[in-house]
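Student: I have a model open and want to learn how to read its surface. Where do we start?

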Amino acid sequence: MDAKDDNRKRLKPAVEDHGAILMAEAEIDQTNGASPEMELHITQILEKLDSFTNLVSELLESGKTMFKELSNEFEERMITIHKEQTEKWMDEIKELRLLDASNEEAHALLHNARYLLQNPHVD
């Protein structure tokens, strides 16, 4: 496990823990004799904070999932590209070997023809 994995694992709890700390601090402040109107306002803010914390956690999870899927797709595509390119080069090697064999045959035929032309047999 590398540092990036550690950071990812800590990030979600960190967001949730930070939200819980802020809510606890606000609840402590709420018990310090605030007016009912002020307590209502604080409660509304705490609800917004809780909602926002949940949203951030969900976004982190969906982002993590998205990046994992993207990473898998990237890996699969790179493997496919490698396979296709390797096959292309292997085909080129086969063609070159066939061409070389054909050239060798042609060279041998021409060599034999030259020999026959230079050394005619008169019967």
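Tutor: Start with Leu55, which lies in helix H2, residues 36–118. Helices (H or I, at least four residues) and strands (E, at least two) are DSSP runs, numbered from the N terminus. The chain has two helices and zero strands.

Student: What should I know about the source?

Tutor: This is a predicted model: local features need pLDDT of at least 70, side-chain atom pairs count only at pLDDT 80 or more, and totals for chains, interfaces and linings use all residues. Residues are numbered from 1 along each chain as its sequence is written, and side-chain values use heavy atoms, without hydrogens and water.

Student: Is Leu55 buried, partly exposed or exposed?

Tutor: Buried means under 20% relative accessible area, exposed over 50%, partly exposed in between (1.4 Å probe, protein chains only). Leu55 counts as partly exposed because its relative accessibility is 41%.

Student: Which residues of H2 are buried?

Tutor: Ile42, Leu46, Thr53, Ser57 and Gly63. Across the chain, buried residues make up 7% of the 123 residues.

Student: How do I read Glu92?

Tutor: Glu92 also lies in helix H2. At 36% relative accessibility, Glu92 counts as partly exposed.
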